[in-house]
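Here is a short note to read beside the structure. Keep the view open and find each residue as it comes up.

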Amino acid sequence: MNPIQSLRDSLYKTIVAALEQAKKDNLLEFSTIPDFVIEVPREKEHGDFATNVAMLLARQAKMAPRKIAEIIVAQIPVNQAGFKKVDIAGAGFINFYLDNSWLYGIPALVQTMGNEYGQNQKQNIKVQVEFVSANPTGNLHMGNARGGAIGDSLANILSLAGYDVEREFYINDAGNQIEIFAESLEARYLQLTGHDVMFPENGYAGQDVIDTVKGIISRYGKDLVVLSSQERRQRLVEEALQEKVTYIAKTLQEFGINYDVWFSEKTLHQAGKIDEVIAELERKEFVYEKDGALWFKSTRFGDEKDEVLKRANGLPTYFAADIAYHKDKFERGFDWVINVWGADHHGHIARMKGAIQALGYNPDQLDILLMQLVRLLRSGNVVRMSKRTGTTVSLDELIEEVGQDAARFIFVMRNPDSHLDFDMELAKQQNQDNPVYYVQYAHARICSIFRQAEAAGISLPPVEQINTALLKEQEEMDLLRKIADFPEEINVAARTMAPHRIARYVLDLAGLFHSFYNHHRVINDNQALQGARLLLMSVTCTTIKNALSVLGVSAPEQM
RNA sequence: GCGCCCGUAGCUCAGUGGAUAGAGCACCGGCCUCCGGAGCCGGGAGCGGAGGUUCGAUUCCUCUCGGGCGUACCA
């Protein structure tokens, strides 16, 4: 249930009916109704809704926009319930002013829906969000953390917007990186079992690899020394990958993220899916051979240069595996596929979409949500990558140090397109500088009101006994209006893949609550008004909680 | 060089082609005998630059100047 959308839909019908009536009466000439918008004006003085339809019709109707607006307005039954007045303003805007009856219905709606408030109608559209998909060869870093926060929040938003959502993690457990990983593991294993071997030049030099190998040695001792190198590497890499993937899953779970599907790249190799997809592209004549390698004609799809699918050594590239992976996604019947990628992968987008198109799928059904990189700050100084661990601060260290709530809120607060400076000190501060507490404090404060009320023997009356029309103060109306916005805000955030909108939203909502709180008392001598305000507090509390929940942030009752 | 992203208030950032561009922080001044002062109220300044499309541009296009990131038979 989305009150704003309902109002807009009904206004849309009213306007279209007015246009058609005017045309029928030969007052207005046009062949097609333009693609007009019904927006919520920035300025309250401009009404509850406004439309630009008159301006857009000017050319077709060969008439001044204000004149057209007058004709349209004359056809609108302003006296009908819900309307206060309809105005023409500015260059030809038609402004609609509604009476407050719709707003007074909001609390009952929220109260009834409870945890479900924000949920839009189901649309039967399958969408997949793939995010983090970190290499299982190391720790999760700050970039993965941002991707996790954005991806998971977006998935929550899409779900509330009415989509059927699946969360997926793509495990890169095959290919070149894994070969190097295996070599690194083997070198460490042999070194730690007393052999003097060289560590590979591009190997994984991090302490975590050594720790992993130590763990393997504690389980299997020196048993692997006698194996052939190939067998030894295979055993080591299997053990290590299992450990790493388990660790990644556990860390992400502690970050509030639970996946529906963990997809292994290796299974694509084993099932021959990669050769299959290369063969398909060859059949469709998007592949050629040069210098012993097989190339995909990605320039045909606007890419800067063609890309190698299969190297001269006969091994497929990561790109080839990724094509097979995306083909698999589309074969699974998703209507919309979203990948959350770090900005360093942007060069991959054009060729991936090209490959999708080459395979006969619609590249518009694939969206890449690109997020800019994260810089970690401590006391205003950039923290450099550590050679020892391969990360600045790993996600589990981050959760340990600043907590899930602050970390998730800060990561998701910014537009993914913006660079993010993550300030450890700020994230840890439990004061006004830290936005997450501002919101949580609002929630805790409302809970406190209810505790106070209860102590005084006051409880929230049944909704049907409450007269919400007693809420007349500006702060009360502003709160109601903001609460009514939540489902539509979810819709817009889903459509534009912009989870940061929900963070802004809940900050605004908390601000409106604090303002109300400082101006008016909930518990007071006027029983009827007290009941209405208790209900207002209850639904404010619910909305804050639901919005925070979307972001993976808790709503504490006390702080 | 070429490609993608970003240049908005002193700082960090919002801003689905609309009317007078908004928050937070910082700074100054107010507000608790009263439901949690982790709060509220008030106070200044800004769309990097130049063209173009449009009735209307912070938003779209071109050029330009800054910053970040790519530009592997790595992933």
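1. **An exposed loop residue.** At 67% relative accessibility, Asn124 counts as exposed. Exposed means over 50% relative accessible area, buried under 20%, and partly exposed in between, with a 1.4 Å probe and protein chains only. Asn124 sits in the loop between helix H5 (106-113) and strand E5 (126-130). Its phi is positive, about 60°, although Asn124 is not a glycine.

2. **What kind of model this is.** The model is predicted; local features need pLDDT of at least 70, side-chain atom pairs count only at pLDDT 80 or more, and totals for chains, interfaces and linings use all residues. Residues are numbered from 1 along each chain as its sequence is written, chains are lettered from A and ligands numbered from 1 in the order in which they are written, and side-chain values use heavy atoms, with hydrogens and water left out.

3. **The overall build.** Chain A has 20 helices and 15 strands. These are DSSP runs numbered from the N terminus: helices are H or I with at least four residues, strands are E with at least two. The C-alpha trace of chain A spans about 90 × 65 × 40 Å along its principal axes. Of the 559 residues in chain A, 53% are buried.

4. **Contacts along the chain.** Take the contacts in chain A between residues at least 6 apart in sequence. Of these, 72% join residues at least 24 apart. A contact means heavy atoms within 4.5 Å.

5. **Surface and charge.** Chain A exposes about 26000 Å², and carbon and sulfur atoms supply 47% of that area. Accessible areas come from the Shrake-Rupley method with a 1.4 Å probe; for residues, only the protein chains shown count as cover. Chain A has 59 positive and 74 negative charges, and their mean positions are 2 Å apart. Lys and Arg count as positive, Asp and Glu as negative, while His and the chain ends are not counted. Each charge is placed at NZ of Lys, CZ of Arg, CG of Asp or CD of Glu.

6. **The RNA surroundings.** How many residues surround RNA strand B? There are 63, and the closest are Arg42, Ala312, His346, Arg445 and His520. Sugar and phosphate account for 66% of the atoms of RNA strand B that come within 4 Å of the protein. A residue is near the strand if one of its heavy atoms lies within 4 Å of it.

7. **Which elements supply that surface.** Helix H17 (435-455) is one of the elements that each supply at least two residues of the surface near RNA strand B. Others include helix H2 (53-61), strand E4 (93-98) and helix H19 (500-519). H17 gives the most, with nine residues.

8. **Polar atoms at the RNA.** A polar side-chain atom of Asn176 lies 3.5 Å from a sugar or linking oxygen of RNA strand B.

9. **A buried arginine.** Is Arg167 buried or exposed? Arg167 counts as buried because its relative accessible area is 13%. Arg167 is in strand E6 (residues 164-171). A polar contact of 2.8 Å joins its side chain to that of Asp152. A polar contact is a pair of N or O atoms within 3.5 Å; within protein, one must be able to donate a hydrogen and the other to accept it, and residues adjacent in sequence count only if both atoms are side-chain atoms. Beyond its neighbours within four places in sequence, Arg167 is in contact with residues including Val129, Phe131 and Tyr259.

10. Glu488 lies in helix H18 (residues 474-495). Glu488 is buried, at 8% relative accessibility. Leaving out residues up to four places away in sequence, Glu488 touches Asn2, Ile4, Gln5 and Arg8. Ala358 belongs to helix H13 (residues 347-358). Ala358 is also buried, at 5%. With the residues up to four places away not counted, Ala358 touches Leu281, Lys284, Phe286, Phe296 and Phe301.

11. **A partly exposed aspartate.** Asp423 is in strand E15 (residues 420-423). Asp423 counts as partly exposed because its relative accessibility is 23%. Its side chain reaches the backbone nitrogen of Glu425 at 2.9 Å.
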